[in-house]
Amino acid sequence: MPQSSGMPPVGLPLCFVIYPNYILNNSMSCSSLNSSNNSSISGCVNSGNSCNVNKRRQSIVKCSTPTNNNNASIVNLFNTNYVFSSSGNDHISTVSYNKSTSSASFTTSTSSSSSNGDSDTSENEFMVFNGDSKYNGVQRLRENFENWLIETFGEKKGNFIFQKLLFLDEFFDPNKDKIRRIMNLEDLFQSLNRYLFKIVKKHNIFYTNEEEKFPYLLNLQQTLVLQQIEDTIDILNQHEDLQNYLIENSNLLHSILTNENNTTNNEEKNSNPTTELSLDGLRQLCVMFYLDVYNHFQLYQNTNTKYINQWIVNELSNSPGYLFDNLQKRIQKYNNYKKITKYTTNDFNTTSVIDSDFDFVKFLTKNTIDWELQKFNPSHSYQYWKCQNQHFVTIPDMNSLKIVGFLNHSLETVCKTTLQNPTILTEKNETNGHYAENGRLSNFQKILNQSSLRKYPTFLHESTLNFGTIFKKRQLHNVNSIKVNFIGKNIQEVIHFYKTCEMGETKNFKVVTIGARIFNKLDKNCTLYTDVSLTNLKGIMNTTIFNNLSNKLFVKHVFESLIHTIEEEKKKASELSKNGKVIVKQNNSNDEECLMWKCLREYCLHYYKVDVNDDWN
């Protein structure tokens with residue numbers, strides 16, 4: 001594998017800090033033994049303590065330890081007891097497993113510890129690579145990323161984000177760069193149980209009942225009660241969708257175990273299929289967590305370029321081959337976009353919206369070397385990026401801008417209060433950051449199955465941009481469209497795409513633009529907002545000096561005005577449902593004022609047979 005130097009043009013993919021699930025399954029300190037019934041392991045924790053482990057017929061493993069060791073914590077996981085010693089300054093740093101001898105050796109190292117014996121090293125207590133040194137670089141990068149999260153955002157939010165990464169360890173396959181295959185319910189329960197163990201163990205919550213097969217998932221309710229009292233386990237306390245999913249599967253596990261007590265058919269016990277409902281919930285959690293961690297991993301790389309470049313030079317060539325392959329594929333895709341994707345004048349003189357348009361704006365949201373971070377403040381809920389290189393558009397002097405922010409509202413609320421509000425596109429309101437006046441939405445086009453040029457609903461938007469008396473007015477003439485991505489029956493992503501569709505001369509400057517507003521669900525009441533655009537405003541407003549001076553104010557205005565719009569529209573809501581969902585007044589007529597919403601509804605009805613008017617009410 002060749003040596004690499006310098007930041008790759010696509011940055012490091014998120015899979016570089018995700019542990020493969022098979023590594024977790026083979027990790028001796030957080031999985032059940034797979035050796036034969038006659039096998040045994042012997043381990044040494046510190047200099048004077050040892051334990052002999054013999055596997056019983058029922059796959060229950062017992063660990064005998066000196067009863068006078070008050071500092072040892074006995075942990076039962078997948079019917080296996082392990083002793084983690086917290087005496088002195090020693091901690092378990094590595095565990096090696098020899099399959100031929102069915103033995104494991106625990107090596108201790110010295111580091112500073114807290115008063116209760118917890119190590120400062122985050123994952124060395126449970127993460128094991130079975131002597132495979134190619135994961136050492138991954139672990140160092142991952143630990144540096146975790147430290148940056150805590151230093152940048154504080155311990156509570158930093159742990160919250162990192163606990164999402166722990167979830168991806170269990171369910172995302174970094175080798176294939178997608179959610180891994182879940183074999184059956186036992187596989188699902190095992191991973192959920194292991195995940196819970198990893199996030200609660202730091203808070204000294206242990207379950208040691210040998211008779212319980214998945215103790216942490218089985219005792220979830222007790223854990224939730226404890227975390228509500230102590231307010232310590234960040235993700236269980238903050239992420240509603242995860243909590244609901246865990247409760248659902250904990251209840252399912254209780255139900256299965258209750259039924260098993262009434263049967264002796266072992267084959268029936270082990271052949272429970274994974275329900276589609278469980279997989280839909282799992283897929284959405286993985287997508288939400290991936291988006292959030294990916295966004296922070298982008299920030300981490302752009303604020304730690306020296307360390308990343310050094311890591312690439314020192315570690316990449318010794319890392320697992322699939323990481324290098326993944327990076328190469330992304331670089332190839334990036335180069336192909338530079339060579340193939342070229343928007344010309346003809347593309348800005350058509351009202352058609354096709355697949356490649358949505359693919360392009362999604363590509364622009366990715367972390368590439370072209371994007372330079374302009375503003376990032378951990379105390380603020382947004383950041384913005386600027387792109388200097390013009391690879392994709394033949395129109396000269398296009399100003400590239402990307403805004404990424406977090407909205408403390410549900411995806412449903414965000415869509416209702418923005419896509420049902422035509423004044424965002426048609427009426428000037430400088431307080432709300434709206435500079436379009438005399439706007440008109442027209443020419444709504446439904447989807448036509450027979451035409452590849454009509455796969456998406458569209459409408460036209462005409463308006464005048466008025467930035468004040470000292471600037472000449474600008475003319476907008478755009479085609480707009482909506483695309484929605486579902487996971488199961490739930491909407492995960494909404495993309496509002498737009499681009500210039502008429503470049504003819506007028507008495508005012510004609511703006512050329514292409515971009516999208518993209519809304520992604522991160523939790524029940526949290527939405528990721530991405531606004532990406534390439535724009536030529538013409539005249540002095542399109543000069544580099546003006547853009548550099550105006551971007552900071554413009555970005556702040558755009559994001560804050562979006563929040564202001566959402567809050568104002570919520571106040572105008574006709575009523576609140578009992579469960580707190582916002583009910584916005586619906587205009588079910590075919591007039592031009594609801595064309596953004598009509599596009600959303602048309603897409604959902606056509607491709608998913610879902611009526612958002614009924615479903616979201």
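**View A. With a relative accessibility of 2%, D357 counts as buried**. Buried means under 20% relative accessible area, exposed means over 50%, and partly exposed lies in between (1.4 Å probe, protein chains only). The model is predicted, so that local features need pLDDT of at least 70 and side-chain atom pairs count only at pLDDT 80 or more, whereas totals for chains, interfaces and linings use all residues. Residues are numbered from 1 along each chain as its sequence is written, and side-chain values use heavy atoms, with hydrogens and water left out. K499 is likewise classed as buried, at 3% relative accessibility. D357 and K499 form a salt bridge in which the closest N and O atoms are 3.7 Å apart. D357 belongs to helix α13 (residues 355-364) and K499 to strand β16, so this pair ties together parts that are 142 residues apart in sequence. A salt bridge is a side-chain nitrogen of Lys or Arg within 4 Å of a carboxyl oxygen of Asp or Glu, and the count by this rule comes to 18. Helices (H or I, at least four residues) and strands (E, at least two) are DSSP runs, numbered from the N terminus.

**View B. The side chains of E240 and K524 meet in a salt bridge**. The N to O distance is 3.9 Å. E240 is in helix α8 (residues 240-260) and K524 is in the loop between β18 and β19 (526-536), so the pair ties together parts that are 284 residues apart in sequence. E240 is partly exposed at 34% relative accessibility, and K524 is partly exposed with a relative accessible area of 41%.

**View C. Helix α8 has buried residues lining one face**. The buried residues of α8 are D241, L242, Y245, L246, N249, S250, L253 and I256. Seen down the helix axis, they fall within an arc of 165 degrees, so they line one face of α8; the arc is that of the directions from the helix axis to the C-beta atoms. The helix has 21 residues and reaches 30 Å from its first C-alpha to its last, close to the 30 Å expected at 1.5 Å a residue. The expected span is 1.5 Å times one less than the number of residues.

**View D. R601 and D611 form a salt bridge**. The closest N and O atoms of R601 and D611 are 2.8 Å apart. R601 lies in helix α17 (residues 595-608) and D611 in the loop between α17 and α18 (612-615), so the pair ties together parts that are 10 residues apart in sequence. R601 is partly exposed at 27% relative accessibility, while D611 is buried at 17%. Elsewhere, E170, R194 and K198 are linked in a network of salt bridges.

**View E. Strand β15 (residues 474-487) is largely enclosed by the rest of the structure**. Of its 14 residues, 13 are buried, so the strand is largely enclosed. Two strands pair if DSSP finds at least two bridges between them. Strand β14 (residues 458-465) runs antiparallel to β15 and is joined to it by 8 bridges; L465 has R474 as its bridge partner in β15. R474 also stands opposite F509 in β17, and β15 pairs with strand β17 (residues 509-510) in the parallel sense over 2 bridges. With strand β16 (residues 490-500), β15 pairs in the antiparallel sense over 10 bridges, and I495 in β16 is the bridge partner of K483. β15 and β16 form a hairpin with 2 residues between them, and G488 in the turn has a positive phi of about 65 degrees.

**View F. The largest nonpolar core has 140 residues**. A nonpolar core is a set of buried Ala, Val, Leu, Ile, Met, Phe, Trp, Tyr and Cys residues joined through side-chain atoms within 4.5 Å. F167 and L600 have the most contacts inside the largest core. Helix α10 (residues 276-303) gives the most to this core, with 12 residues. Apart from it lies another core, of 6 residues, among them L476, V511, L537 and M541. Not counting residues up to four places away in sequence, L600 touches L419, I482, V484, V494, V612 and W616; contact means heavy atoms within 4.5 Å.

**View G. N520 is placed in strand β18 (residues 512-523)**. This residue counts as buried, at 7% relative accessibility. Leaving aside neighbours within four places in sequence, N520 is in contact with L291, L411, Q492, E493, C526, T527 and L528.
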